[in-house]
Amino acid sequence: MSLLVKICGLSTRETLQTALDAGADMVGFVFFPPSPRHLSLELGRDLGRQVKQRALKVALTVDADDATLDNIMDALSPDIFQLHGKESVARLRDIKQKYGRPVMKAVPVATAADLAVLPGYAAVADRILFDARAPKDATRPGGLGAPFDWHLLENLDLKLPYMVSGGLHADNVAEALRVTGAGGVDVSSGVESAPGVKDPEMIKAFIRAARATQDASQELSVR
Ligand SMILES: O=C(O)c1ccccc1N[C@@H]1O[C@H](COP(=O)(O)O)[C@@H](O)[C@H]1O
């Protein structure tokens, strides 16, 4: 299966276009006011139209209530919800049922014990996103540019597609993929020049570096 590359936290027409032209499979839009990447519904609507089905639109939310999700559905009509808070398995089930969209559950990782939640989520989620666990005093549960110990995923037996995120950038994405065996990668801070400010060249470099790992493994498999 081909590698999925997600560029998250896009907030301008220019950088969204860069991500689309560079071949991002998923483009992420953050609806979480404390984030420097938070989008208004109006901007979400505008950027969503620009995607024109060239990539999957991902709505990132954190413990959002139904009223918030209703508004995001109306503005962006996301292809996937990325649930990055403490949403329960029951809440995932409700969201899937009410909105008819797949859900990608972010699982914060700091130690092996953090993986104990997987059987519960795996029964309902469509995809898992492993991210570094944020420090207790962080203002947001992700998008902090911090990696986790990828070796914790080395012997993972998960019958569900999964992606990895947290502190990825063009120079470490190949190693993250090699160690974790993930089917996709997600980046925000690693393609920014400052929090919330995406850099077109860094976006292109990240996608190139991720795709290069895929090209290398395809080359090996035909030998
Ligand atoms: O991007 C944010 O501001 C954000 C806010 C709240 C939850 C998650 C957020 N971002 C996601 O966090 C991971 C890791 O990001 P980074 O590359 O380390 O900056 C990624 O999945 C983002 O989608």
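**Model.** I am working from a predicted model.

I looked up the UniProt record first. The unreviewed entry lists residues 5-208 as "domain: N-(5'phosphoribosyl) anthranilate isomerase (PRAI)". I then checked that stretch in the model. Residues 5-208 come out as 31% helix and 22% strand.

**Where the ligand sits.** I asked which pocket holds the ligand. The ligand is in the second largest pocket.

**Shell.** I listed the residues around the ligand and got 25. Ser-35, Gly-143, Asp-186, Ser-188 and Ser-189 come nearest. Sorted by class, the shell has eleven polar, nine nonpolar and five charged residues. I also looked for strands that contribute to the shell. β6, residues 127-132, and β8, residues 184-187, each supply at least two of its residues.

For Asp-186, a polar side-chain atom lies 2.5 Å from a ligand oxygen. For Ser-188, the atom is a backbone N or O, 2.9 Å from an oxygen atom of the ligand. Gly-167 likewise places a backbone N or O atom 2.9 Å from an oxygen atom of the ligand.

**Burial.** How much of the ligand's area does the protein bury? Taken alone, the ligand exposes 510 Å². The protein buries 100% of that area.

Methods:
Residues numbered from 1 in each chain as written. Predicted model: local features only at pLDDT ≥ 70, side-chain atom pairs only at ≥ 80, totals over all residues. Heavy atoms only, no water. Near = heavy atom within 4 Å. Polar contact = N/O pair within 3.5 Å; in protein donor to acceptor, adjacent residues only side chain to side chain. Areas by Shrake-Rupley, 256 points an atom, 1.4 Å probe, with all protein chains shown as cover. 1 Å grid on protein atoms, 1.4 Å probe; cavity = no way out; pocket = protein on both sides within 12 Å on 5 of 7 lines; lining within 4 Å. Sits in = over half its atoms within 2 Å of the grid points. Helix = DSSP H or I, 4+ residues; strand = E, 2+ residues; numbered from the N terminus. Nonpolar A, V, L, I, M, F, W, Y, C, P; charged D, E, K, R; others polar. UniProt positions renumbered as here; feature names shortened; annotations may be inferred.
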